[in-house]
Amino acid sequence: FLTSVIINEKVWNSFSLDTQMMMREAALHAAREERVESLEDTRLAMEQCAEHGITVHEWSQEETDRMKSMTSGIHDKYDNVLGAGLIDRIKRA
């Protein structure tokens, strides 16, 4: 769930530094908001699956621990990008 903003380098370079900074900040804000929404969407999807009798297979604790170990190095990298508390919520999930 990562928001990407793609812009032509020539167009980007035509913007003032102030405009570039504003666009970067707006993109980070949008990414944080999208992440919050995607977490809520996941919760709603799980509820709908249950309502419709759809089986959702979840990882075992062993597999979850293995994935957490494999991805722990990137948590610090994205802590500031994803917004306050999101990395902690991901770690607890």
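How many salt bridges does the structure hold? There are 3. Keep in mind that this is a predicted model. Side chains of opposite charge can pair when their charged atoms come close. Let's take the pairs one by one.

Start with E40. E40 makes a salt bridge with R43, and the closest N and O atoms sit 2.4 Å apart. Both residues are in helix 2, with a spacing of 3 residues, about one turn of the helix.

E47 and R43 are 4 residues apart in helix 2, so about one helical turn separates them. E47 has a relative accessible area of 37%, which means that E47 is partly exposed.

Next, helix 3, which runs over residues 61-82. Which residue pairs with E63 in a salt bridge? The partner is R66, with the closest N and O atoms 3.0 Å apart. E63 and R66 are 3 residues apart in helix 3, so about one helical turn lies between them. E63 counts as partly exposed because its relative accessibility is 25%. R66 has a relative accessible area of 45%, so R66 is partly exposed as well. Back to the shared partners: salt bridges join E40, R43 and E47 into one network.

Which residues gather in a patch of negative charge on the surface? They are E33, E34, E37 and D41. Take D41 from that group. D41 sits in helix 2, which covers residues 17-51. Why is D41 called partly exposed? Because its relative accessible area is 49%, and the exposed class begins over 50%.

Stay in helix 2 for a moment. S38 is located there. What does the S38 side chain have beside it? A polar atom of that side chain lies 2.8 Å from the backbone oxygen of R35.

Now a nonpolar patch. I7, V11 and M23 form one on the surface. M23 belongs to helix 2. With a relative accessible area of 32%, M23 is partly exposed.

Back to helix 3, and to Q61. Q61 lies in that helix. Q61 counts as exposed, because its relative accessibility is 54%. Which side chain does Q61 contact? The side chains of Q61 and D65 are joined by a polar contact of 2.7 Å. For a sense of scale along the chain, compare Q61 with T71. These two are 10 residues apart in sequence. In space, their C-alpha atoms are 15 Å apart.

Where is V5? V5 is in the segment before helix 1, and helix 1 spans 9-14. The relative accessible area of V5 is 58%, so V5 is exposed. Now set V5 against A31. Along the chain, V5 and A31 are 26 residues apart. Their C-alpha atoms are separated by 9.7 Å.

E63 pairs with R66. E33, E34, E37 and D41 make up a patch of negative charge on the surface. I'll take questions now.

How values were computed: Residues are numbered from 1 along each chain as its sequence is written. This is a predicted model: local features need pLDDT of at least 70, side-chain atom pairs count only at pLDDT 80 or more; totals for chains, interfaces and linings use all residues. Side-chain values use heavy atoms; hydrogens and water are left out. Patches are made of residues with over 30% relative accessible area and no salt bridge: like charges are joined within 9 Å, nonpolar side chains (Val, Leu, Ile, Met, Phe, Trp, Tyr) within 5 Å. Accessible areas come from the Shrake-Rupley method with a 1.4 Å probe; for residues, only the protein chains shown count as cover. A salt bridge is a side-chain nitrogen of Lys or Arg within 4 Å of a carboxyl oxygen of Asp or Glu. Lys and Arg count as positive and Asp and Glu as negative; His and the chain ends are not counted. The place of a charge is taken as NZ of Lys, CZ of Arg, CG of Asp or CD of Glu. Helices (H or I, at least four residues) and strands (E, at least two) are DSSP runs, numbered from the N terminus. Buried means under 20% relative accessible area, exposed over 50%, partly exposed in between (1.4 Å probe, protein chains only). A polar contact is a pair of N or O atoms within 3.5 Å; within protein, one must be able to donate a hydrogen and the other to accept it, and residues adjacent in sequence count only if both atoms are side-chain atoms.
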